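Please examine the model displayed below. The paragraphs that follow treat its sheets, the helices packed on them, its pockets and its aromatic pairs in turn.

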Amino acid sequence: GINAEYMGLRVNCPIQFVVIKYDNEQHQRLYVGENTVDWRKVLHTGALSMSIEMGAGAVGLKIPVGVLEIRLELVPVVNSRSSISEDEITSHINAERTNRLAAEREFLVYARRWWEEYHALSKEHSNRTVKIFGQLASASQVMHPVMSWIYPMVADRLLDSPQQAARFVSLMGCEDSITGTVSAVTYGGTAGGDVWLSTFAFLMKGKGPVCNHAILLCNLLLGFGLDAYVVMGRNETGPHIWVMVKTENEIIFWESLSGARHAHHHDPRVSPTHNYVAVGCVFNDNALYANIQPSERIQGCIFDLNDESRWKPMNPLKLKLIRRQPLVMLMPNTTDVIALEKSLELSLMQLIEEHRRDRSGLSCAWNPNFGYLFVQALVSYENEKTYGSMTDNRYFESALKSDVRDGYTFKGYPMHFSHNCSRRIFNSFMQSRTCKDIIETVGQGATHCIRTKCFVYPENVLSIWVMLSVRFKNGTR
């Protein structure tokens, strides 16, 4: 039979390193850089030290942000008389690299020919949002086919439905520090100045550009067995990327930044419920289709991807030449929910007490009984965000009315956060006129209450609802 060393040599799965700096004060993760390394030379020696240049992914920045010194050890320890030599390992890796480069060249030649054919069909195609390659944020900053980011991602026992997957993705922060918006394409289908994070770096960072949100959502929906595609086009504010799911009877657009879902009606007389205005192309792990309909406008667009008079496909056989990015598995949340809720409530109570004392020399009385009642409302808010339907709150309203005695006024206001920094939450309170009014309420018998409800998702992503309230006697403010 084949020994373990030779079996390991066939495992062409690089190790990906991402460096993240954690801001303890703001509870934020800051992306430093990333790179990948082929680990298989350790099969000969059993241990190996090496230096890895960490790229920051900034556009035009070719200088690494730093060097990571690592040591790899094979467990269990390889016999000192390893049956596989260093020359055999090097030869095998070089052969793989030669085959990979040949496949990349073949796909590049095909992509350029496809691109020229696409533009020859109409002069208007030069203004449409079609993208074949994206630049990976790494030390090499090489271009990768956009389809290489896509693969079915199964989150077994971590996410229970496509709606939960959409909610999870929407809770991850969106930023433009690494540009992820769709930009005008240049020759060959690449976008100048457009850098995408790897899925692993996006998850480690906890935030990223809109393209990574759409990619992750598409991957998760594919994992749930849906016919999902990433859509490149425009909304009312400019270039944008979202997700489309095709079913037997309808087309559903999924907005990765909010989790919202919208049915598409190709009848231009039906007013849309979304703000998408144009479609350039759609793609997933094994297909890319460019829109060649007379108009790129989304109203009236027919999403029959098998109709080559409306959609120009890339050859599926050529797409098999693409080397996929390393597969990533979601990690379960490790947050102690009850401890977090109690700690957050205590910190917010202290901040509110300090504000009232410093502003007007006022004390603050707390009513702990309301908090338990608020939980049912906070749960309904999260369910509404996840599944899109209003929850029956009549039991909460009935309980609240019975607890607020005649002659008293009650004011309550919920706010949502995807972080657990009490100082930032309090600052958000003070920027809200309603919350600020509740915090600064003065009246006979005034009692305040604050309650948090934390919902956990994979990768330590949090959805935190906070209810702030006050009850006081009528006519005493």
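Two strands are taken to pair if DSSP finds at least two bridges between them. Strands (E, at least two residues) and helices (H or I, at least four) are DSSP runs, numbered from the N terminus. The model is a predicted one, in which local features need pLDDT of at least 70 and side-chain atom pairs count only at pLDDT 80 or more, while totals for chains, interfaces and linings use all residues. Residues are numbered from 1 along each chain as its sequence is written, and side-chain values use heavy atoms, with hydrogens and water left out.

By this rule, β18 and β19 run antiparallel and are joined by eleven bridges. Within β19, Ile464 stands opposite Cys454. These strands belong to an open sheet of three, ordered β17-β19-β18 with antiparallel pairing. Because β17 (408-417) and β18 (447-457) are the edge strands and have a single partner each, one side of each is left without a neighbour in the sheet. On average, neighbouring strands of this sheet are turned by 15 degrees against each other, direction ignored. For such values, axes are lines fitted to C-alpha atoms, for helices over the stretch in contact, and angles run from 0 to 180 degrees between N-to-C directions. Helix α8 (residues 337-360) lies across β18 and β19 and runs at about 145 degrees to β18; contact here means heavy atoms within 4.5 Å.

A second open sheet contains seven strands in the order β13-β12-β11-β10-β14-β15-β16, with antiparallel pairing. Its edge strands, β13 (261-263) and β16 (311-313), each pair on one side only. From one strand to the next, the twist averages 35 degrees. Towards one end of this order, β15 (residues 288-291) pairs with β16 in the antiparallel sense over three bridges, and Ala290 has Lys312 in β16 as its bridge partner. Helix α3 (residues 86-121) lies across β15 and β16, at about 165 degrees to β16. Helix α6 (residues 210-223) also packs on the sheet, where it touches β10 (227-235), β11 (238-246) and β12 (251-254), and its direction makes about 5 degrees with that of β11.

Rings of Phe, Tyr and Trp (its six-membered ring) pair if their centres lie within 6.5 Å, and planes under 30 degrees apart count as stacked, over 60 as edge-to-face and the rest as tilted. The count by this rule comes to 16 aromatic pairs. The pair of Trp242 and Phe253 is edge-to-face because the ring centres are 6.0 Å apart and the planes stand at 85 degrees. Trp242 lies in strand β11 and Phe253 in strand β12, eleven residues apart.

Elsewhere, β1 (residues 15-23) and β2 pair in the antiparallel sense over nine bridges. Asp23 has Gln28 in β2 as its bridge partner. Four residues lie between the strands of this hairpin, in which His27 takes a positive phi near 55 degrees.

The pockets come next. On a 1 Å grid over the protein atoms alone, a pocket is an open set of points where a 1.4 Å probe fits, with protein on both sides within 12 Å along at least five of seven lines; lining residues have an atom within 4 Å of a point. The largest pocket has a volume of about 1,300 Å³, a volume being the space filled by probe spheres set on the points. Helix α3 supplies the largest share of the lining, eleven residues.

The second largest pocket holds about 580 Å³ of space. Of its 19 lining residues, His27, Arg29, Gly206, Ser418 and His419 are the closest to the centre. Strands β2 and β19 and helix α4 (162-171) each supply at least two residues of this lining.
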